[in-house]
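Open the model in your viewer and keep the selection panel at hand. The stops below say what to select next and what is there.

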Amino acid sequence: MAGFFTLQEGARKKIILIVALFLLAAVIAIVTRRSGSSAANTEMALKCRACKHAETMTQEQFEEMSKRQNEMYIEQVARQNPQRAEKLRQLIKNPDRAMDPMSRREINVSLPSWGTRDWPLPCPKCGKNAFFNAIQCPDCGEIFFGEDEHGRPVRICPKCKYNLKSNK
Ligand SMILES: [Zn+2]
Ligand SMILES: [Zn+2]
């Protein structure tokens with residue numbers, strides 16, 4: 001019977017190498033999963049154009065908010081175009097398919113990117129559809145819009161004049 005210790009030197013090295021690679025793969029899997037969850041906790045800033053209420057939320061909370069919006073959006077679409085609504089439901093169920101160029105052509109629908117210019121979220125304070133993605137100043141914490149009313153980018157904090165462009 002050839003146990004581990006009676007194996008030829010070369011075979012033993014091979015086994016050690018395989019075990020080491022296994023461990024390395026496991027470590028990589030753990031590390032990437034950990035960094036994935038920390039990315040989900042990245043703070044996002046949002047601000048209401050109507051009442052100026054501003055807050056930060058985690059990526060996870062934002063996704064939760066978007067999910068609710070998507071459901072309402074699909075209900076609206078369903079009243080006019082049930083077929084399109086069904087495609088959108090499939091898209092939510094299987095978002096990976098939307099990444100694949102072939103099936104993307106086949107699905108041919110997309111969900112709004114909430115918080116952007118055309119797709120405001122409802123403000124948690126005043127309830128108006130005027131809650132947009134914003135920028136939080138890394139220096140003083142002020143939350144401000146990343147673009148002015150003409151759509152031009154704003155990269156200087158209106159409160160402390162911190163310049164996001166030159167400090168990046
Ligand atoms: Zn508001
Ligand atoms: Zn500032």
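Two residues are in contact here if their C-beta atoms, placed from the backbone, lie within 7 Å. This is a predicted model, in which local features need pLDDT of at least 70, side-chain atom pairs count only at pLDDT 80 or more, and totals for chains, interfaces and linings use all residues. Residues are numbered from 1 along each chain as its sequence is written, while chains are lettered from A and ligands numbered from 1 in the order in which they are written.

**Stop 1: C126.** Select C126, in the loop between β3 (121-122) and β4 (129-136). Strands (E, at least two residues) and helices (H or I, at least four) are DSSP runs, numbered from the N terminus. Leaving aside residues up to four places away in sequence, C126 touches C48, A50, C51 and H53. The C-alpha atoms of C126 and H53 are separated by 8.3 Å, although the two residues are 73 apart along the chain.

**Stop 2: C123.** Now select C123. With residues up to four places away in sequence again left out, C123 touches C48, A50, C51, H53, K128, A130 and F131.

**Stop 3: the core.** C123 also belongs to the largest nonpolar core, with A45, L46, C48, W114, L121, F131, F132 and A134, nine residues in all. Such a core is a set of buried Ala, Val, Leu, Ile, Met, Phe, Trp, Tyr and Cys residues joined through C-beta atoms within 7 Å. The elements giving two or more residues to this core are β1 (43-48) and β4.

**Stop 4: β4 and its partners.** Strands pair if DSSP finds at least two bridges between them. β1 and β4 run antiparallel, joined by four bridges, and L46 stands opposite N133. β3 and β4 are also antiparallel, with two bridges, and P122 has N129 as its bridge partner. Six residues lie between the strands of this hairpin, where G127 takes a positive phi near 80 degrees.

Move on to β5 (residues 143-144), which pairs with β4 in the antiparallel sense over two bridges. Here I135 stands opposite F144. The β4-β5 hairpin has six residues between its strands, and G141 in the turn has a positive phi of about 85 degrees.

**Stop 5: confidence.** Colour by pLDDT, the predictor's confidence in each residue, from 0 to 100. The protein averages 85, and 86% of the residues score at least 70. Among the elements, β5 has the highest mean (97) and helix α1 (residues 9-40) the lowest (69). Where pLDDT is low, the predicted coordinates should not be read in detail.

Methods. A residue is buried if 20 or more other C-beta atoms lie within 10 Å of its own, exposed if 12 or fewer, and partly exposed in between; C-beta atoms are placed from the backbone.
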